[in-house]
Every structure is written in C-alpha cells, then in structure tokens.
Amino acid sequence: MTRRISAVSAISAVAFPLALAWAVPLQAQPLPRGTIIDSVTCADDSTQSYALYLPSSYSPDRAWSLLIAFHPAARGRAMVETYQAAAERYGYIVAGSNSSRNGPVAVSAASVRAMSGDLGQRFAIDADRIYLTGLSGGARIALQVALGNRNIAGVIASSAGYPDSKPRSSLTFPIFGTAGTDDFNYIEMRQLDRKLTTPHHLEVFNGGHALPPDSVALDAIEWMELQAMKSGRKPKDDAVIDRLLEKRRKRIAESTDAAATVHLLEALADDFKGLRDVTAEASRARELARQPEVKKALSRERSGDDAEMRMVDEIAGLEAGLSDATRHDANLSRLREYLVRFARAAEAAAESSERSQARRMLRVITGGAAERVDDPEYRRLLAQFAPRARQP
C-alpha cells in the first residue's frame, strides 16, 4: 500500500530546512489537468511560484508520483515541458520552480520550502514516490535536497552533479544522469557515473549543456519506474516490464557499435535483474567485452575520459600559475597552444569524439574565466576564442 503524506515532511535537507507543520489542505479551485500551468502561487508565500503539470487522469482519490524540478534560470515551464509527455504516460505530477536559480543558496532553499509545502497541501502525493530533477545548477539543488533526505525515490541530474563536488560510491537513491556530447560538464557526469556502485545510469545525447530531448526524458522516467518496482516502492507491472524490456532489446539489435552494445547489454542486465531472466544478456555482454577489438575500444573510451580529466586539471594548474611572475609567460604560452588546438578541432566539419571533446574543452576554459583568473593578457586571449566556444 502506498503512503500518502505531505511533500513537506517527505523532502528535507540539512541545507534546506523545511517547516514540517502545515495547515489544513487548501480549499482552492481545482487546477486544470492535462495542460501546463505557467504559474501557481504558493499559498503560504506569494513571492514563490511554480509551473505545474497535472496528468489528465489526476484524481485526489489515490496518491501520485511527484517530480520537483529546478532550472538554473528559474524557468519552471522549461523543466515541466521536458517531462510532460512522460508524466502523462506514467502518472507523475511535475512542478518546476519559477524562483530557484543559480545564485545565493538561500533563494533556492526558500523555493524548495515554499513549493514542496504548497504541493503537499494541494495534491495527493505518494511519499514513497517523490523525485527531483534539475539542469546544471538546478541539478546541484536537486542533489543537495536528495542528499539530505533518506526517502527520495530518485534524481534525474542533467549536466551537473553534486553540490559539494565530492565523489561518492553509493547513494540512498537511484540517479539517472544526462549530458550532451558537447557539454562542458560532460566529463563530470562521466566521472560521477563511473564512481557509483548503487543504481545509476548515464544517458549521453548529441548536444550541449542543455535539458535532455523528450526521448531521453521518457527514458529517465521509465528507468525510475523500473527502479521503483525493484525496490518495492511500486507494485510490479508485468505489462510495463515486458514493454520496456522489448524496447531495450530493440535498441541492442539496432546498435552497430560493439562497445556501445556492451554498455546497452550491461545496462539491461542491471536494470531488469530481479524482474526478468537476463542471464543471456549478461553473458553476451561479458563475451563481447572479451573480444580483442571490443576490449581495445572499451579501453580507449576509458582512457579518453581519464585524459580529458587530466587536461582539465592541467589547465586549472596553468591558470593558477599565471599569478606567479616566474611562470606567467610559459603558462600563458601553453594555454594558448591548448586553445588553438581545441579551436581547430572544434571547427571540423564531421562529427567525431575529437570534435566533441574540443568543443567541451573550449567551453570549460572560456566559461567563467573572469571569476577564475584576474590576468589581462589571458582574458584578452580568451576573448578571441569565446565565440567559437559558443558555436552549436
């Protein structure tokens, strides 16, 4: 049996304390269903609002899954639009804060407190099915809340990870990460995914530092549905399990890249273990991974991630050395070499892993440089490359 409870008491974090006492449920006019509402004003704090999507079948007669979303620029509707189709299909209420944004933590804390309290008063929420999502800085807010609460059902983190940048091998909640191939936080998401041993998945799509395409958003919700059935938060639904299993098997059959096929097989085996017999997929993944050429491809993939991480660290060290007069010119010269090399590779006509990496690195270097380094020469150099870093 699902537990119905106010979202106020279900979402709490050390950094974002919430008032656990709440008033009698609101006797407000029913809100439209099956359409996005741009702004719902919080009853207890009129300065706070959120965009909302209620599934067309919503009824207070049963408890519903809830997805609370955060955008780095307080664009609540953008978050809700991303998950609208998936929410309608799987019965999620989606609420995107119109107040939480990159900046002072107190602003986002107030938004979490007001929005979760309002949702808890207005709607029938299943306390065991509360999810969080966010883009970039919004993902860090979502994870900050989740890290402070032991009953969050899952987090969809897009283009950013932990708020404290501390690596973790285990979490109390499953995490579905997303990143674009040209995303400047791509390597952060790869490292986050590699470190975890508790349920996790990373989906990479063609694009930059952005919300996932609708198809990936649907994948994220479907993955959370599987995790909920595996953990007992949701009763097993054989029809859904079989449909999602067939969807995964079709992707594997269509895959033409052996290394990618290994990852797809491993993910299927992990996600459906305990729900279906996946010994065939697990065995095939192991056998394929042992093939010499595939083994080399998987090794190159991992080595590429490691090399990119080392480049990020080296560039940070070179930038730090600009403040040392004895190292300034040599470091500036090395940074110029990196920028020229990345700019050339980023302008290649054909898509490739090298072009994507170059575009990511250009954005890593040019983004936020004014806050990192106070060196006039270096800033002038970066200004020459910033337009190329912003190209699609």
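Author: One term comes before the rest: contact means heavy atoms within 4.5 Å. The model shown here is a predicted one.

Reader: Among contacts between residues at least 6 apart in sequence, what share joins residues at least 24 apart?

Author: The count takes in contacts between residues at least 6 apart in sequence. Of these, the part joining residues at least 24 apart comes to 66%.

Reader: What radius of gyration does the protein have, and why does it agree with a compact globule?

Author: The C-alpha atoms fill a box of roughly 70 × 55 × 35 Å along the principal axes. For 392 residues, a compact globule would have a radius of gyration near 21 Å. The value for the protein agrees with that, at 23 Å.

Reader: How many helices and strands are there in the secondary structure?

Author: Of the 392 residues, 51% are buried. The secondary structure of the protein comes to 14 helices and 8 strands.

Reader: Is Ala-51 buried or exposed?

Author: Ala-51 lies in strand 2, residues 45-53. Leaving aside neighbours within four places in sequence, Ala-51 is in contact with several residues, including Ile-37, Val-80 and Val-94. Buried means a relative accessible area under 20%. Ala-51 has 0%, so Ala-51 is buried.

Reader: Which helix holds both Glu-81 and Arg-77?

Author: Glu-81 forms a salt bridge with Arg-77, with the closest N and O atoms 2.8 Å apart. Glu-81 is partly exposed at 38% relative accessible area, and Arg-77 is partly exposed at 33%. The two are 4 residues apart, about one turn of the helix, and both lie in helix 2.

Reader: How many residues apart in sequence are the parts that Glu-301 and Arg-190 tie together?

Author: The side chains of Glu-301 and Arg-190 meet in a salt bridge of 3.8 Å, N to O. Glu-301 lies in helix 10 and Arg-190 in helix 5, so the pair ties together parts whose separation in sequence is 111 residues.

Reader: Which helix holds Arg-334, the salt-bridge partner of Glu-314?

Author: The side chains of Arg-334 and Glu-314 meet at 3.6 Å, N to O. Glu-314 lies in helix 10, and the pair ties together parts that are 20 residues apart in sequence. Arg-334 itself lies in helix 11.

Reader: How many salt bridges does a search of the whole structure find?

Author: Some salt bridges share partners, and these join Asp-219, Glu-222, Arg-243, Lys-247 and Arg-251 into one network. A search of the whole structure finds a total of 26.

Reader: Arg-355 is buried yet has no salt bridge; how far away is the nearest side chain of opposite charge?

Author: Arg-355 has its place in helix 12, residues 353-366. A salt bridge needs the nitrogen and the carboxyl oxygen within 4 Å. For Arg-355, the nearest side chain of opposite charge is Glu-351, at 4.2 Å.

How values were computed
Residues are numbered from 1 along each chain as its sequence is written. This is a predicted model: local features need pLDDT of at least 70, side-chain atom pairs count only at pLDDT 80 or more; totals for chains, interfaces and linings use all residues. Side-chain values use heavy atoms; hydrogens and water are left out. Buried means under 20% relative accessible area, exposed over 50%, partly exposed in between (1.4 Å probe, protein chains only). Lys and Arg count as positive and Asp and Glu as negative; His and the chain ends are not counted. The radius of gyration is taken over C-alpha atoms; the globule rule is 2.2 Å times the number of residues to the power 0.38.
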